[in-house]
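Below are my notes as numbered points, meant to be read with the sequence and the coordinates open.

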Amino acid sequence: MAVLTVNDLTASYRKNKVLNDVSFNVQPGSLTSIVGPNGAGKSTLLKVMLELHPKLSGDVSFFGSTLNKMKTRVGYVPQRGSVDWDFPTDALDVVLMGLYGRVGWLKWPKREHREKAMDSLEKMGMADYAGRQISQLSGGQQQRVFLARALVQEADLYFMDEPLAGVDAATEQAIMTILNELRMKGKTVMVVHHDLQTVEDYFDHVLLLNRTVVAHGVTKDVFTKDNVYQTYGGTLRYMMEATT
Amino acid sequence: MNILLSHNAQWVIVSTLILGMASGMMGCLSYWKRQSLMSDALSHAALPGVVIGFALVGVKSLPVMMLGAAISAIIAALLIHWIRSSTRIKEDTAMGIILSVFFGLGIMLLTMVNRMPGGNQSGLDSFIFGQAASMVRKDVYTMLILAVLVMLVLFIGFKEWKIFLFDPDFARGLGLSGRLMNGIYLTVLVLVIITGIQVVGVILMSALLIIPAVSARYWTQSFKWMVILSGLFGGGAGLVGTIISTLGEGWPTGPFIIVTSSTLFVISLVFGAQKGLLIQAWQLRTQRKVHVSSSQSNLTQGGE
Amino acid sequence: MSYTAWILLTASLVGLSCGLMGVFLILRRMAMMADAISHSVLIGIVSAYLITRELSGWHMMVGGIIAGLLTAVLVQWFNSRGVQQDASIGVVFTTLFAIGVIMIATQVGNAHLDVKHALMGEITFVPWDLIQLSWFGAIPEATLILIIVLIIVVIAILAFYKEWKITSFDPMLAASIGIPVALMHYLFMSLVSITTVAAFDAVGAIMVVAMLITPAAAAYLWTDRLSIMLILSGTFGVISAIGGYYIAVFLDTSISGSMAFATGIVFMISFLCSPKHGVLAQHFRTVKM
């Protein structure tokens with residue numbers, strides 16, 4: 001059974017259509033990168049699937065059911081830039097937020113929640129920074145905190161928006177180790193990714209997106225020059241030149 | 001309608017018409033600088049300057065009070081900038097702080113001045129709610145000079161403003177000094193504010209700048225037309241609002257101008273040719289239709 | 001209790017409630033929404049008066065909450081229609097305020113309502129308007145309302161602390177784990193409206209803005225913990241209220257104006273001297289480097 005089924009998903013942003021008839025299935029235990037040029041609708045796709053952005057038509061099912069029933073099994077890592085890091089709180093507290101849905105109304109987080117959050121920070125190599133104000137963390141450390149927050153949710157399906165953007169090499173390795181561990185445990189992860197050169201090394205599946213699905217499947221079958229060209233159109237050449 | 005014909009009422013009408021036009025046009029700059037509420041902060045912050053200006057001279061001297069207002073507004077703008085740039089406090093919080101603390105200081109000083117001999121007759125209170133009805137021929141000239149100035153600044157540097165507002169980085173690349181443009185912008189904004197507060201008061205002044213610009217946006221995509229329309233809306237609201245306020249005994253001019261302006265806004269919101277509700281509802285419907293028909297054609301053609 | 005004691009108690013209650021609410025306001029980047037709500041509350045109060053024809057604190061409370069929520073809803077709606085957030089705030093509150101002023105000028109006439117009072121408050125009159133409580137004795141109505149509002153504010157913050165924290169910091173995550181972001185937003189806005197209306201009588205609309213924003217902003221410069229920020233902000237609010245009163249007595253001037261000014265002094269001291277984020281500390285740090 002597919003973990004995630006998307007059918008004919010269409011969405012617009014203001015007046016512009018950013019997603020058009022997007023359809024795909026995701027199998028459990030896969031690590032998929034969503035790849036496409038700027039403005040291809042990658043982040044929007046995540047948000048629409050999570051009902052954080054309205055859709056015009058189409059439907060999405062999670063574990064053969066609706067998002068509402070499966071909310072605790074789905075984890076989301078927003079873009080690092082989407083929050084204000086000057087917020088008066090520390091790293092441990094941010095991780096703890098991942099458990100707020102589970103703590104329940106009118107209740108305060110207990111020690112068990114705190115310990116869980118601490119374990120998760122430790123897994124990301126961030127235990128020493130638990131009490132650090134979040135604006136004093138480096139970009140890579142902030143991303144690790146976000147990852148730790150996702151881990152603590154113990155979800156079965158994760159959506160991550162550019163977790164590898166602007167992080168140092170050590171963080172990139174740490175994050176990839178964690179993502180592979182998740183896959184080993186049978187979890188499913190979808191990652192919006194921007195670096196074409198690491199797609200083949202890091203991900204076993206790829207979804208090439210440019211407002212609609214250009215190709216989707218096992219990386220070595222789908223991540224071909226032709227498909228990538230088709231996804232990026234004319235902009236790819238410049239990108240290749242820029243990176244080499 | 002007798003009062004309409006009175007000599008004084010005519011001056012009032014002409015003044016508010018011109019003021020509305022000037023502030024409507026200036027408001028477009030504020031809108032695209034994404035600083036609509038800055039005008040609110042600065043007009044509140046002008047109050048202590050007005051009172052100090054009065055206290056220093058001891059009599060109601062308009063030029064001195066306006067100068068005081070201008071200085072106080074500019075200090076406020078600099079403080080907002082300083083707070084925002086040197087701490088983690090965000091701009092809206094900085095504006096809120098300066099707005100309320102300056103206004104509080106203004107009220108403190110006002111209460112003290114009102115106790116001074118002759119202070120009570122100063123009409124200082126009118127700066128809070130405005131006093132359009134008391135305007136005379138001299139005020140019309142002031143307004144005219146102001147309006148001409150605003151238009152000149154806009155016309156002479158029209159393409160510079162456009163680049164500066166839409167793409168400040170690009171403007172800097174072209175060698176357009178951001179500091180100079182910001183300086184001119186702030187100067188003209190403060191001029192409009194200190195003129196306007198005599199008419200509508202410090203509390204409602206920002207509405208003269210904000211509402212016409214927002215309304216104009218519903219009709220056009222072109223910056224040039226937005227400025228022209230905004231000027232027309234502002235002037236129209238000034239004219240109509242003033243006339244309505246003359247119909248009743250003791251009806252306040254400022255609030256009627258604002259409500260007229262808001263009515264124009266609601267009309268624009270619903271009927272506007274660019275982003276109006278009606279046109280958007282229609283577009284959404286056609287978009288859905290197109291979507292349905294295109295997915296049908298996709299099926300028959302087997303995709304792209 | 002003496003006359004002065006009642007005034008100090010009332011003002012401190014305003015400082016405390018506003019200080020607590022203000023923390024979430026500035027963290028949610030809604031400082032100017034506070035400005036907007038404090039202005040549009042006027043139309044709610046006037047409407048309540050025109051409907052009931054009496055100047056009762058409770059009617060005004062209901063009117064004020066409705067007006068406050070209306071402001072929040074309209075701003076949100078215009079914003080979703082493509083009007084910039086701050087422009088849409090500017091349109092909504094000036095319009096509602098103007099309508100309020102017109103209603104007073106044309107309908108209420110010289111009745112007990114006047115705009116100046118609503119804007120600037122008249123805390124000196126508060127101790128005269130007493131009501132009897134069987135178990136307590138005489139207490140000014142405004143003070144009683146403020147006590148109740150403070151209790152509501154504290155209970156709400158304790159109850160929804162984690163929800164407001166997460167929706168302020170990361171609304172996307174909050175929504176994805178099933179926290180009703182919009183509901184929490186409007187609940188928060190209702191509380192801001194309640195606080196504003198209650199504080200209205202004492203310090204007036206514009207001073208409420210000072211009390212809501214400035215102590216919280218000052219506290220933001222001293223600490224990196226939300227819980228401590230709340231405590232500090234409440235304390236700063238009380239200090240400003242009491243300090244402002246004595247400034248007013250000393251200079252023989254407007255009490256509410258002086259209280260707003262006092263929040264400014266507290267902020268200025270924090271801005272210059274805070275060891276963490278103060279300008280002087282930053283200056284010395286760069287000099288050392």
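1. Two residues are taken to be in contact if their C-beta atoms, placed from the backbone, lie within 7 Å. On that basis, 45 residues of chain B are in contact with 49 residues of chain C. On the side of chain B that touches chain C, the elements that give two or more residues are α3 (36–45), α5 (62–86), α6 (91–115), α11 (178–216) and α13 (253–271) of chain B, and α6(B) gives the most, with 15 residues. Helices (H or I, at least four residues) and strands (E, at least two) are here DSSP runs, numbered from the N terminus. The residues on this side of chain B divide into 27 nonpolar, 12 polar and six charged, where Ala, Val, Leu, Ile, Met, Phe, Trp, Tyr, Cys and Pro count as nonpolar, Asp, Glu, Lys and Arg as charged, and the others, Gly among them, as polar.

2. A word on the basis of these notes: this is a predicted model, in which local features need pLDDT of at least 70 and side-chain atom pairs count only at pLDDT 80 or more, whereas totals for chains, interfaces and linings use all residues. Residues are numbered from 1 along each chain as its sequence is written, while chains are lettered from A and ligands numbered from 1 in the order in which they are written.

3. The model scores ipTM 0.93 and pTM 0.90. For chain C the pLDDT, which is the predictor's confidence in each residue on a scale from 0 to 100, averages 89, and 97% of the residues score at least 70. Within chain C, confidence is lowest in helix α5 (residues 115–120) of chain C, with a mean of 71, and highest in helix α10 (residues 226–251) of chain C, at 96.

4. Chain B has 14 helices and zero strands, and its C-alpha trace spans about 90 × 55 × 35 Å along its principal axes. An unreviewed UniProt entry places the feature "transmembrane region" at several stretches of chain B, among them residues 12–32 and 184–211; the positions are given in the numbering used here, feature names are shortened, and annotations may be inferred rather than shown by experiment. Residues 12–32 of chain B are 100% helix and 0% strand in the model, with the end C-alpha atoms 30 Å apart. Residues 184–211 of chain B are likewise 100% helix and 0% strand, and here the end C-alpha atoms lie 22 Å apart.

5. The contact between chain A and chain C takes 18 residues from chain A and 20 residues from chain C. Helix α4 (residues 100–103) of chain A gives the most to the side of chain A that touches chain C, namely three residues. By class, that side of chain A has 12 nonpolar, four polar and two charged residues.

6. How are the domains of chain A laid out? An automatic or database domain assignment supplies the bounds, and it divides chain A into domain 1 (1–63 + 156–243) and domain 2 (84–154). The C-alpha centres of the two domains of chain A lie 26 Å apart, and nine residues of domain 1 of chain A are in contact with nine residues of domain 2 of chain A. On the domain 1 side, α7(A) gives the most, with four residues.

7. One open sheet of chain A has three strands in the order β2-β1-β4, with antiparallel pairing; two strands count as paired if DSSP finds at least two bridges between them. The edge strands are β2 (16–26) and β4 (57–62) of chain A, each of which pairs on one side only. Strand β1 (residues 4–13) of chain A pairs with β2(A) over seven bridges in the antiparallel sense, and V6(A) stands opposite F24(A) in β2(A).

8. A further open sheet of chain A has six strands in the order β5-β6-β7-β3-β8-β9, and its pairing is mixed. Strands β5 (74–77) and β9 (212–218) of chain A stand at the edges with a single partner strand each, so one side of each is left without a neighbour in the sheet. Strand β8 (residues 205–210) of chain A runs antiparallel to β9(A), joined to it by six bridges, and the bridge partner of L209(A) in β9(A) is V213(A).
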